Amino acid sequence: MKKIAIIFLLCSIIISCSNKKEKIKDIKSNLNNTNLSEKKIKKDTLTKDKIAASFDFPVGKPNAEGYYNAQKFKKNFHLGDDWNAVTGGNSDLGDPIYAIANGYIQEAKDFKGGWGNVVRIIHFLPNKKQIVSLYAHCDTITTKANSWVKKGDKIGTIGTANGKYYAHLHFEIRDDITLPLGPGYSEDTSGYLDPTKFIKEHRVIK
């Protein structure tokens, strides 16, 4: 009986260790998947038409005509800009959202909760640096992940995060492309840029 018990115990330990290894593999796989887009991008040739050489605003292109920044970067610890139509309320529900520059769609899906439909685009600057633009609370998404877009392409429409807010576009720009989706609000702005300031300073990158 003792021998059977010992054998059973050893088998349990082996199975347990095997499961742990599988879990570690799964974790590593998930971590790798977060950078899957980057790996795919590296296989592509970054031709001139894919470089983000200039930037426009994500609404009322190219200059955000008919919109105002209702909650600016850092206001109330906000990590982006909230774009609303000057006509107020839900009058901008369904209005088009545009890619601010040439780039690669990293994500385009419904994250539910307070985020709703989100599009994330990686932009490759002429100086080899990379930034990410994020468009949240979309009513619809009109683009697909793992595809290229050009500046001014329609990528979605302004929404309410499935009825959680009045219609508006929550818009972020990040210079750390590895950041997770995040909270939308934080005292720590590491990895985040002032979107309006960045666009104004990079209408054309020389």
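How many bridges join strand β2 to β10, and in which sense do the two strands run? Three bridges join them, and the strands run antiparallel. The model is predicted.

**Strand β10: burial**
- β10 spans residues 169-174 and is mostly covered.
- Six of its six residues are buried, where buried means under 20% relative accessible area.
- Leu-169, Phe-171 and Ile-173 point one way from the strand.
- His-170, Glu-172 and Arg-174 point the other way, and these are buried too.

**Strand β10: pairing**
- Strands of a sheet pair through backbone hydrogen bonds, either parallel or antiparallel.
- β2, residues 81-85, meets β10 through three bridges in the antiparallel sense. Here Asp-81 has Phe-171 of β10 as its bridge partner.
- β6, residues 130-138, pairs with β10 over five bridges, again antiparallel.
- β11, residues 192-193, is joined to β10 by two bridges and runs antiparallel to it. Leu-193 in β11 stands opposite Ile-173.

**Strand β2: burial and its other pairing**
- Five of the five residues of β2 are buried, so the strand is largely enclosed by the rest of the structure.
- Asp-81, Trp-83 and Ala-85 point one way from β2. Asp-82 and Asn-84 point the other way, and both are buried.
- β1, residues 67-71, pairs with β2 over four bridges in the antiparallel sense. Asp-82 in β2 stands opposite Gln-71.
- On β2, then, Asp-81 is a bridge partner of Phe-171 in β10, while Asp-82 faces Gln-71.

**Open sheet β3-β9-β7**
- Three strands form an open sheet in the order β3-β9-β7, with antiparallel pairing.
- β3 (96-98) and β7 (140-141) stand at the edges, and each has a single partner strand, so one side of each is left without a neighbour in the sheet.
- β9 spans residues 154-157 and pairs with β3 over three bridges in the antiparallel sense.
- Ile-97 stands opposite Gly-156 in β9.

Technical notes:
Residues numbered from 1 in each chain as written. Predicted model: local features only at pLDDT ≥ 70, side-chain atom pairs only at ≥ 80, totals over all residues. Heavy atoms only, no water. Buried < 20%, exposed > 50% of the residue type's maximum accessible area, 1.4 Å probe, protein only. Pairing = 2+ DSSP bridges.
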